[in-house]
Amino acid sequence: MHVWIAAMLVISILLIMRDMAKNILSLRQKQDELPAGQILGQPQKERVEKYAQAFQKLADTFYGMPYRKDYLSNEQAEDVVWQAYGQVCGNCHQRQECWEGEERLRLGEKLVRSLEGGKEEQRRELAKQLKSQCVHSYQFSEELTHFFHREREKLVWDNRMIENRMAAAQQYSEISGILNQAARELSEITQPSREFTSELRYVLKKKGILLKAVWTIERQGSRKQAYLTLQAKNGQCVSTLEIAEVLSELLETPMAPVNSSRCTINGECRTVHFTEKTAFQVLHGVAKVPKEKERVSGDSYVCCQEEEGRFVLGMSDGMGSGIDAAKESGMVVELLEQFLESGFTDETAAKLVNSALVLKRKDDMFSTVDLCTIDLYTGMCRFLKAGAATTFIKRDQWVEAISSTSMALGMVDQVDFETASRKLYHGDFLIMVTDGVLDALPLEKEEETMKEIILQVHSQAPRELGRNILERVLAYSDYKVRDDMTVLAAGIWKK
């Protein structure tokens, strides 16, 4: 199965959910106001919950099937022996004497297990024992080895199919969880009080804007959100920032349009999403150089601000170098960005990408994932690593390293991510690097040397910081680039 089959499955679900949300909003535009606080979209909530149950049942069906096996079963080992018997002993006049009882069968099974375990000394001892009992011992051993390798190859392919099935099961299970979360969010869309709606409509009307409908979302532990369906009068064009100021005064909370919303309101009727203003902002810059004799770098990165006040920095290092590695890592960051933009958590997004890679897996074609997700309201940063190099936090004259020993994505169907959380403050910098950067530094002193380099660079612009760090790293390797190198630097400041 190709990776895009898995990707399209998830993206299709997202589109369904998005269309359902639009339908809810459009239906409410045609209806009279509901009493304050009444929950919207309850029928849709129940329908989405049924979708979630269906996907979880499908996942459970896959999970209930046989798991992978590392060794041949007793029946398979015995079958290997009987196949060798059929090739060598079938026409031998001594076969009845040799195979009377189970002694010869058990000897053959021991030979199979010695081959399976790579126990060469034990195999030779068993071969000697067989030679003392059988005039065709050499041919029998050769045929036994042949049928063993054939059965082992079949086991490998069976395991690959099982891994693919488990990867699909994990995707279905994750989709079920996403749909359940979406169902809960549908029930949290409410209409504000009549007094609030009337006052908001009156203030906006004075600015030449017609308020068609308004919904708010307030959940415990989350920020205030509001959806306003608006239309400008008499050919006017009004900035959504101006509308956000009005909303801020009435809600007594600083509000701003989300990044994906329109910048202006004109004669078209549009729904704009507003949320609380974030306390921090992030600027980033990148410096990268491909491996010598390669035209492109196998490293890819993504930096984007998502809804819910998240800023995501992500890097992926494709195995090897050149165009193939670039395609692999580029696909990983593209999928991660798509999932994160759709509101998935970093861990869920990484799991979905991992299962997609398992379905597509080729030998030695794996990709690392390094994610830093910053909460722009609180400054908390969550790190998720899968086979990624160390990330560094710089604060004044102090540097901390966030390391990982986990495996890259695509190697196993159930990957264990390493996660950590740190509080970031005004003026802090994040420095993310790929393996090629650290590998260019003195052996067994990579992290300590990198900390020294970071402390020696005093640039405040993230782009210049990344460039200066990369230049100093290159000096350690006499400017010989033995692997792709990428330095992604980001600074966080209070607004």
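Okay, let's start with the second largest pocket: its lining is made up of eight nonpolar, six polar and six charged residues. Keep in mind that this is a predicted model. There are 20 lining residues, and the ones nearest the pocket's centre are Ala256, Pro257, Asn259, Gln305 and Lys495. The volume comes out at about 310 Å³.

So where does that lining come from? Four strands each put in at least two residues: S5 (255-257), S7 (270-276), S8 (280-289) and S9 (299-306). S8 gives the largest share, with three residues.

Most residues other than glycine have a negative phi. Glu252 counts as exposed, because its relative accessibility is 72% and the cut-off is over 50%.

There's another one like that, Asn234, with a positive phi near 55 degrees, and again not a glycine. Asn234 sits in the loop between strand S3 (225-232) and strand S4 (238-239). Is Asn234 buried or exposed? Exposed, at a relative accessible area of 75%.

Last stop, Asp370, in strand S11 (residues 369-375). This one is buried, because 2% relative accessibility is under the 20% cut-off. What does the Asp370 side chain make a polar contact with? The side chain of Lys385, at 2.9 Å. Leaving aside residues up to four places away in sequence, Asp370 also touches a set of others, including Leu313, Gly314, Met315, Met432 and Val433.

Note on methods. Residues are numbered from 1 along each chain as its sequence is written. This is a predicted model: local features need pLDDT of at least 70, side-chain atom pairs count only at pLDDT 80 or more; totals for chains, interfaces and linings use all residues. Side-chain values use heavy atoms; hydrogens and water are left out. Buried means under 20% relative accessible area, exposed over 50%, partly exposed in between (1.4 Å probe, protein chains only). A polar contact is a pair of N or O atoms within 3.5 Å; within protein, one must be able to donate a hydrogen and the other to accept it, and residues adjacent in sequence count only if both atoms are side-chain atoms. Contact means heavy atoms within 4.5 Å. On a 1 Å grid over the protein atoms alone, a cavity is a set of points where a 1.4 Å probe fits but cannot get out, and a pocket is an open set with protein on both sides within 12 Å along at least five of seven lines; lining residues have an atom within 4 Å of a point. Grid points are joined across faces, edges and corners, and a volume is the space filled by probe spheres set on the points. Ala, Val, Leu, Ile, Met, Phe, Trp, Tyr, Cys and Pro count as nonpolar, Asp, Glu, Lys and Arg as charged, and the others, Gly among them, as polar.
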